[in-house]
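Work through the exercises below with the structure open beside you. Try each task before reading its solution.

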Amino acid sequence: MGAFFINHINSKVSVAALDKIYEEKGFLDPFVVSMGDYQLRLYKKKLLDVQNFIQRESISLYACGSIVYNKYNYEKSLKALLSDYSAGKIDPSALSGNYVLIFHDRKINKIEFFVDPAFIKNVYFDKVNRVISSDFLAIIDAVDNTFTLNRTAVIENITTGHLISPDTYVNEIQKLDKVNIKELAVDFTGIIFNVIKPDIVSNLTSRNDAIDHAILTLNSYFLNVASLSNEFGAHIGLTGGFDSRLLLMLGKKHISRLVTNSFWRPDSKEYLH
């Protein structure tokens, strides 16, 4: 997935602590770049030696996560995204994945930060110290600050197995979501936070129409990610249910390098017949 860490130039951040925790997680040799009043440390995916940024004469794109644009593979997707962004014509319907995209226009010193519209990509921030990262522990280790335990969040996670945004295990760090993204520019002056939202079809009038639309949408998704999946391989976990069978059918239709796995319960008749 890669990783990133952004801090304001006046933030008290320990670079040594950052390097240590990322090295422990397997992320080495970050690409470091200044963006106006901020510094970005960008790490490649651990298992793939694939460059996750493009720099042009005036505008650059820095990416974290899995990105597919206009049915292209990873490298071409980044190039096409940067080209369309520069022309002001990114097509939301052609963009898939869980990602963070950071565009920096050096001529006008504009920084625009995009996260996927479902907020699948984890993004954490400390607005007081003005740091934002894909990694909660990186903020904990690198920032010169004493954090206080969010007891309610810990109890919620222990009792339910989940933690709902924006809460994290400490009070001073929040997780980015569709509510606080609208207010974040106030604390991170100079960065525009945004979401590239595709159009949503809401005029379906019957169950059959809804089913047909769902199948077409899923088929379009697998067609869109086929180049990326065939480039690196794809892995999907399945059950024996209808949803999984539909995903398998559509996935096999478009993806040649598709690895599947399932599971079973010893006493389940569903997996014995």
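This is a predicted model: local features need pLDDT of at least 70, side-chain atom pairs count only at pLDDT 80 or more; totals for chains, interfaces and linings use all residues.

**Exercise 1. The chain as a whole**

Task: Decide whether the radius of gyration of the protein chain agrees or disagrees with that of a compact globule, then describe the chain's make-up.

Solution. 
- Step 1. The chain has 273 residues, and a compact globule with that number would have a radius of gyration near 19 Å.
- Step 2. The value for the protein chain is 21 Å, which agrees.
- Step 3. The C-alpha trace spans about 60 × 50 × 40 Å along its principal axes.
- Step 4. Seven helices and 13 strands are present in the chain.
- Step 5. Of the 273 residues, 41% are buried.
- Step 6. Among contacts with a separation of 6 or more, 60% are between residues 24 or more positions apart.
- Step 7. The chain exposes about 15600 Å², and 53% of this comes from carbon and sulfur atoms.

**Exercise 2. Buried, partly exposed or exposed?**

Task: Sort Ala-17, Ser-14 and Ile-200 by their relative accessibility.

Solution. 
- Step 1. Recall the cut-offs: buried means under 20%, exposed means over 50%, and partly exposed lies in between.
- Step 2. Ala-17 has a relative accessible area of 19%, so this residue is buried.
- Step 3. Ser-14 has 31% and therefore counts as partly exposed.
- Step 4. Ile-200 has 75% and therefore counts as exposed.
- Step 5. Now place each residue. Ala-17 belongs to helix H1, residues 15–24. Ser-14 sits in the loop between strand E1 (3–8) and H1. Ile-200 is in the loop between strand E11 (191–195) and helix H6 (207–232).

**Exercise 3. The surroundings of a strand residue**

Task: Which residues does Ser-96 touch, not counting residues up to four places away in sequence?

Solution. 
- Step 1. Locate Ser-96: this residue is in strand E6.
- Step 2. Check its accessibility. The value is 13%, so Ser-96 counts as buried.
- Step 3. List the residues touched, without those up to four places away: Ser-66, Ile-67, Val-68, Tyr-221, Asn-224 and Val-225.

**Exercise 4. Backbone angles to check**

Task: What is the value of phi in Asn-109 and in Phe-119, and what kind of peptide bond joins Ser-165 and Pro-166?

Solution. 
- Step 1. Start from the general rule: most residues other than glycine have a negative phi, and most peptide bonds are trans.
- Step 2. Asn-109 has a phi near 55°, which is positive. Its place is the loop between strand E6 (95–105) and strand E7 (110–115). With 42% relative accessibility, Asn-109 is partly exposed.
- Step 3. Phe-119 also has a positive phi, near 55°. This residue lies in the loop between E7 and strand E8 (124–126). With 14% relative accessibility, Phe-119 is buried.
- Step 4. The bond joining Ser-165 and Pro-166 is cis, with omega about 10°. Pro-166 is in the loop between helix H4 (151–160) and strand E10 (174–175).

**Exercise 5. A pocket and its lining**

Task: Which residues line the second largest pocket, and how do they divide into nonpolar, polar and charged?

Solution. 
- Step 1. The second largest pocket holds about 210 Å³ of space.
- Step 2. Its lining consists of Pro-117, Phe-119, Lys-178, Ile-181, Lys-182, Phe-193, Asn-194, Val-195 and Lys-197.
- Step 3. Sort these by type. Pro, Phe, Ile and Val count as nonpolar, and Lys counts as charged.
- Step 4. The lining then divides into five nonpolar residues, one polar and three charged.
- Step 5. Link back to the previous exercise: Phe-119, whose phi is positive, is one of the lining residues.

How values were computed:
Residues are numbered from 1 along each chain as its sequence is written. Side-chain values use heavy atoms; hydrogens and water are left out. On a 1 Å grid over the protein atoms alone, a cavity is a set of points where a 1.4 Å probe fits but cannot get out, and a pocket is an open set with protein on both sides within 12 Å along at least five of seven lines; lining residues have an atom within 4 Å of a point. Grid points are joined across faces, edges and corners, and a volume is the space filled by probe spheres set on the points. Helices (H or I, at least four residues) and strands (E, at least two) are DSSP runs, numbered from the N terminus. The radius of gyration is taken over C-alpha atoms; the globule rule is 2.2 Å times the number of residues to the power 0.38. Buried means under 20% relative accessible area, exposed over 50%, partly exposed in between (1.4 Å probe, protein chains only). Contact means heavy atoms within 4.5 Å. Accessible areas come from the Shrake-Rupley method with a 1.4 Å probe; for residues, only the protein chains shown count as cover.
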